[in-house]
Amino acid sequence: MALLILAVAPPTAGAHGFTGPLAWWLLLFFCLLPLALSVHLLFDAALFRLAASHEEETTGLAAIDDVLARMGLRSRGGAPAPLDARLAGCRRLIWKQRIALIVGGLLYAVLLLDTVDGAGLC
């Protein structure tokens, strides 16, 4: 949906002085944010595949923490976070992605209504 909005929005930009640049920057942000969160979720999925390749849950989660520490994304030490906490983090990312996508769709709808000056409502 985010890519569809980004593909459809530019042709309508010139119609009737289609709003200011700030609205376009906001639209771009709220369309690219779900894509960035998708990349983050793909990275998390790869980490969970790594954890699943181990026999025990604790060794798999420790392997995830080791990879993240070697990449510089997490400091070494401490007990690995439980699987439930990691899955809750993924659920939060999915909700953020959905909210950003809904805001982007609503923003485009508002900008499109501004373009047609309500002519489609009659």
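## Helix H2

Helix H2 covers residues 21–52, and its 32 residues reach 47 Å from the first C-alpha to the last, close to the 46 Å expected at 1.5 Å a residue. Helices here are DSSP runs of H or I with at least four residues, strands are runs of E with at least two, and both are numbered from the N terminus. The expected span is 1.5 Å times one less than the number of residues.

This is a predicted model, in which local features need pLDDT of at least 70, side-chain atom pairs count only at pLDDT 80 or more, and totals for chains, interfaces and linings use all residues. Residues are numbered from 1 along each chain as its sequence is written, and side-chain values use heavy atoms, with hydrogens and water left out.

The buried residues in H2 are Ala23, Leu27, Cys31, Pro34, Leu37, Leu41, Asp44, Leu47 and Ala51. Buried means under 20% relative accessible area, exposed means over 50%, and partly exposed lies in between (1.4 Å probe, protein chains only). An α-helix has 3.6 residues a turn, so residues three or four places apart point the same way.

Phe30 also belongs to H2. Not counting residues up to four places away in sequence, Phe30 touches Ala100, Val103 and Gly104, where contact means heavy atoms within 4.5 Å. Between Phe30 and Ile102, 72 residues apart in sequence, the C-alpha to C-alpha distance is 8.7 Å.

## The chain as a whole

The protein chain has four helices and zero strands, in the order α-α-α-α along the sequence. Of its 122 residues, 29% are buried. Among contacts with a separation of 6 or more, 60% join residues 24 or more positions apart.

The accessible surface comes to about 8000 Å², and carbon and sulfur atoms account for 70% of that area. Accessible areas come from the Shrake-Rupley method with a 1.4 Å probe; for residues, only the protein chains shown count as cover.

H3 has 14 residues, which should span 20 Å at 1.5 Å a residue; its end C-alpha atoms are 20 Å apart, in agreement. Gly60, Leu61, Ala63, Ile64, Asp65, Val67, Leu68 and Ala69 are its buried residues. Val67 counts as buried because its relative accessible area is 18%. Leaving out residues up to four places away in sequence, Val67 touches Leu47 and Leu50.

Just after H3, Gly72 has a positive phi of about 80°. Ala81 lies in the loop between H3 and H4 and counts as partly exposed because its relative accessibility is 28%. Beyond its neighbours within four places in sequence, Ala81 is in contact with Leu61, Asp65 and Arg86. Its C-alpha is separated by 9.3 Å from that of Thr58, 23 residues apart along the chain.

## The largest pocket

The largest pocket has a volume of about 360 Å³ and is lined by 16 residues, of which His40, Asp44, Leu68, Arg74 and Arg86 lie nearest its centre. On a 1 Å grid over the protein atoms alone, a pocket is an open set of points where a 1.4 Å probe fits, with protein on both sides within 12 Å along at least five of seven lines; lining residues have an atom within 4 Å of a point. Grid points are joined across faces, edges and corners, and the volume is the space filled by probe spheres set on them.

H2, H3 (57–70) and H4 (83–116) each supply at least two lining residues, and H4 gives the largest share, six residues. By class, the lining has nine nonpolar, two polar and five charged residues. Ala, Val, Leu, Ile, Met, Phe, Trp, Tyr, Cys and Pro count as nonpolar, Asp, Glu, Lys and Arg as charged, and the others, Gly among them, as polar.
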